[in-house]
Structures are given as C-alpha cells and as structure tokens.
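This briefing goes through one protein chain by topic. Please keep the sequence and the structure open while reading.

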Amino acid sequence: MTPSVLVVEDDPTLNGLLVKELRKAGYELASASSWREARERIATFAPNLVLLDVNLPDASGFGPLSEIAGTRPVVMLTAYGSVNQAVEAMRLGAADYLVKPVNLDELELVIRGALERSRLQAQRALARGDAGLAMLGESAAMQQLRHTIREVALSDVTVLIQGESGSGKELVAQALHGASRRRSEAFVAVDCCTLQESLFESELFGHERGAFTGADRRKAGLIEAAAHGTLFLDEIGEAGPAIQAKLLRVLETGRFRHVGATTDLRSDARIVAATNRDLRQRAQGGQFREDLYYRLSAFVIHVPPLRERRDDIALLAAHFIGGRRQAQGLAPAQLSADALQRLAAYHWPGNVRELRNIIERALILLGPGDTIGAAHIGQLDPGGAPGTAPAAPPAARSASDSLTLQGEPTLESIEREYLASLLKKYDGNRRKVAEVMGVSERTAYRMMDRHGYR
Ligand SMILES: Nc1ncnc2c1ncn2[C@@H]1O[C@H](COP(=O)(O)OP(=O)(O)OP(=O)(O)O)[C@@H](O)[C@H]1O
C-alpha cells in the first residue's frame, strides 16, 4: 500500500518542498494552503496522515488539530523556538511535531513512525471492537454539544441523554466520563433491554450465594464494577418495573442491595442514562415511573440527529473509510462527488451508525479500488426535506435498492428488508421482532446493529 499524506501549509515554498520530498520518499500526496481547503481534501482524498501547520490564514492555533486528531495521525509543524506549542500539540493528540525550518531527514522519520504507530493502534482497536471512540463533528450542533458536555462533566449530576438510535448517545456518555474527574475510574455500559428482567437485576445489582437456582457463588453487580466511575444505562426506557424501583432507590439514597441480601451497599457511581424514546411522554402515560424520570432528567442532553448536522457527513464518512482501510493495510479510498452528494441528501433514519454501515458495505463492494462511487453507496431514498423527522423505525428499502449491482438481491438485503418490515409492523418493539423472527433478543439486536437500525 502507498500511504497518503496531506500537507497543510500556507507558505507555498515550504508546501512545495514538503510535497516534493515526501513524494520522492514514496508517499501519495495532496496539499492545501488553508483550513477550508484542507477539510475538503480530507473528505475527498482521505489521507492516512496530515502534516499540519499551526498557523493558517483561516485558522490558527489548535482548533484544526482537535478536529481531526481522533481520525488519523496529525504531525504538527510548529514555529522555531516555541516548545510550549509543541507540548500543547502533543497533549491535544498530535502524533508528533516538526519544528521549522524542517529538517528533511527528520521529516521522513517522523512521518514513517507516526504512520506505523497509528496502524498498530488501529489494529488493536479493531481487535477490541471499538474502532474510533472519538466524537467527531464540527457542525454548530456538535460544537454546542461538546460545550454542554464540558459544562456538566465536572459535576456529579445525573444526566439523561436523549437522541435517535445511532446518533451517538453512547459516545456522548463516554465523552462525559472522559471529561469528568472520574476519568481514570471505570466506565461501565449496561444495555437495559438485552436481558430478561430477573437476570438483569442480578447482573446489575449482584446477588448473594443461593439467591436463586444456579447462584452458587456471591457475585458483585455491574454497579459495583462502576465503583467511583460512571454507570451508563443505555435504553433506560426499556427497564422493567423492578429495575426502575431499585434505580430510583440508588438515585435517592445511593444505596442498593444484592439480590437475596438483607443488608445495603453504597454506590458512588455517577449515573448517566440514555434513551431514544420520549421518556417524559412514557412517564406521563404510566409506562415509566414518573419519580424516576424526574431524578434521571436532572440534566438532559439532546444529541441531534445526523440530518440536522449534514455538515458533518463528509468528515464522518472520511473517518470511517480511513479507519477501515488503514486497519486492512489498504491504500486510502476517496469518495466521488456523486457518492458524497448522495450521502448528503439522505435523511439518515439510522444516523451515524447507518452511515458507518453504508460506508463499510461500500468498501466491501469497492474491494481494493480507490474511489467509492454512487453505485457502491446504492440507492438512498432522500426521504423528507432536511430536518423532517423520519418514520421511526426506518422504512424498508425496496429490493431494487439493494446494494447488489447486478440486480439480484443478496441474502443480506433480504434480511435487512425483512427486519425493517417487522420493526415497522411492531412499532419498533424489539422483543416482539425477535420473537417473530424466531431468534434470541441478542441475535435480533446484533442484526439490527449490522443493518444500522439500532
Ligand atoms: N460524532 C461521532 N463521531 C464518530 N463516530 C460516531 C459519532 N456518533 C456516532 N458514532 C458512531 O456511530 C455508532 C453509533 O453510535 P452510538 O452507539 O454512540 O449511538 P447510540 O445513540 O448510543 O445508539 P443506540 O440508540 O442504538 O444505543 C458507533 O459506532 C459510534 O462510534
């Protein structure tokens, strides 16, 4: 594979020199002289590494670095004699830095080292299944979201994160934890609807030996694993009445009990919950405890759906493409203008997760090729006008929309349609969908995840 580098430098002489040297060293090159131009190149050229000048005509300082450091290695070009700048750049996630005037031998070494470290990191992340934990996006909505996260992270207040499926609620919860004083403690995520209620109760709160058949040992609960860290309760709207009652007690008194125990334990975990439902409405309708709703919603964060921050689509797409290709050791791939246009016009009922899935499928169809075209993306129904709420859950795409280029639907596309039609029929009730499909809830969740419907 030929790794690619984007040189972002407004001094034309230095820019030209860097491009020439790196090209000679065997890299594929693109260059930009402003931050606006750099953003465009990142979306279309998808470089493996960015060499970024700290002072650009339309952006000075570390804004650009913070924006892209989570997506790919960034080597900063800093001014001679400003050690502070270099230190700050590393703290903000730069892979390395070069001081001007640039020593050309050092240039190659630094770039090779940064690429190698990043490839290893990507491989490790893929093996752990958590490729790309950074919360990306520079739209006004995402900047506001980051601001809110910073504001509330340092207090211990309970936070309720609301947003559509796949919009990034779990990433917000992780960002909250990462910006809090608890960041070096555990972050424990629990999906409130993946398990049967009684099992879930012992999983969450722990149990005593002999509490039920099969409980042959005392076992600590996830709430204890979260100790002084953060307990993230995903899909809180799905928690059954027994769990709701116990959670209310934890929130009111900081106390809980193992299943089968007679004494209380104390919890110091910060509770962050998420839901894609209108919890207030459910509370008013009697499907969710009102007192618990008020406790949980001490502070509410709304995660905007992707269709309300279309400016982020190109950046996110480039991030998913870059991560996957790098981990596979393949050359970077670009998005054609048609493909990008198709992505930008879609209404994204499955939000960022759906975008990630569509890109992954496009990359499979692309194989070792280098440009993702509209055909690799497939038909995407532009849906309602920007800002229109989707029919939730997402409507099925027709077989002619499948990604099979020859027109024969794949098993994958049939599964997807079947799943979408059941979700529609049963109004998003996953338990019911799993039952009708004859698979376990877990299998149904995994399927939904794969198709971007969670
Ligand atoms: N701003 C973002 N930047 C990068 N990746 C993102 C962003 N938002 C979401 N993702 C990715 O999209 C996928 C879905 O995000 P996440 O699981 O946080 O969504 P969610 O709202 O919690 O979904 P659900 O409602 O199904 O629980 C994940 O792979 C996540 O890494």
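Glu-235 sits in the loop that links strand S10 (230–234) to helix H10 (241–253). In this predicted model, phi of Glu-235 is near 55°, a positive value in a residue that is not glycine. Glu-235 counts as buried because 21 other C-beta atoms lie within 10 Å, and the cut-off for that class is 20 or more.

**Other backbone exceptions**

- Most residues other than glycine have a negative phi, and most peptide bonds are trans.
- Trp-348 is not a glycine, yet its phi is positive, at about 50°.
- The position of Trp-348 is the loop between helix H14 (337–345) and H15.
- Trp-348 has 26 C-beta neighbours inside 10 Å and is therefore classed as buried.
- The peptide bond between Lys-100 and Pro-101 is cis, with omega at about -5°.
- Pro-101 belongs to the loop between strand S7 (96–99) and helix H5 (104–128).

**Helix H5 and Arg-112**

- Helix H5 contains Arg-112.
- Arg-112 has 14 C-beta neighbours inside 10 Å, so it counts as partly exposed; that class falls between the limits of 12 or fewer for exposed and 20 or more for buried.
- From C-alpha to C-alpha, Arg-112 and Pro-3 are 9.5 Å apart in space, while 109 residues apart in sequence.

**The annotated aspartate**

- The UniProt record, an unreviewed entry, places the feature "modified residue: 4-aspartylphosphate" at Asp-53.
- Asp-53 is located in strand S3 (residues 49–53).
- Asp-53 is buried, because it has 25 C-beta neighbours inside 10 Å.
- Leaving aside residues up to four places away in sequence, the contacts of Asp-53 are Val-8, Glu-9, Asp-10 and Leu-77.

**Surroundings of the ligand**

- The ligand is surrounded by 20 residues, and the closest are Leu-136, Gly-168, Lys-169, Glu-170 and Val-352.
- By class, the shell around the ligand holds 6 nonpolar, 8 polar and 6 charged residues.
- At least two residues of this shell come from each of helix H7 (169–178) and helix H15 (351–366).

**Helix H13**

- The end C-alpha atoms of helix H13 (residues 313–328) are 23 Å apart.
- H13 is mostly covered, with 12 of its 16 residues buried.
- The buried residues of H13 include Ile-313, Leu-316, His-319 and Phe-320, and also Arg-324, Arg-325 and Gln-326.
- After H13 comes Gly-329, with a positive phi near 70°.

**The chain as a whole**

- The chain has 19 helices and 16 strands.
- Of its 454 residues, 39% are buried.
- Among contacts in the chain with a separation of 6 or more, 70% are between residues 24 or more positions apart.

Note on methods. Residues are numbered from 1 along each chain as its sequence is written. This is a predicted model: local features need pLDDT of at least 70, side-chain atom pairs count only at pLDDT 80 or more; totals for chains, interfaces and linings use all residues. Helices (H or I, at least four residues) and strands (E, at least two) are DSSP runs, numbered from the N terminus. The expected span of a helix is 1.5 Å times one less than its number of residues. UniProt positions are given in the numbering used here, feature names are shortened, and annotations may be inferred rather than shown by experiment. Two residues are in contact if their C-beta atoms, placed from the backbone, lie within 7 Å. A residue is near a molecule or strand if its C-beta atom, placed from the backbone, lies within 6 Å of it. Ala, Val, Leu, Ile, Met, Phe, Trp, Tyr, Cys and Pro count as nonpolar, Asp, Glu, Lys and Arg as charged, and the others, Gly among them, as polar.
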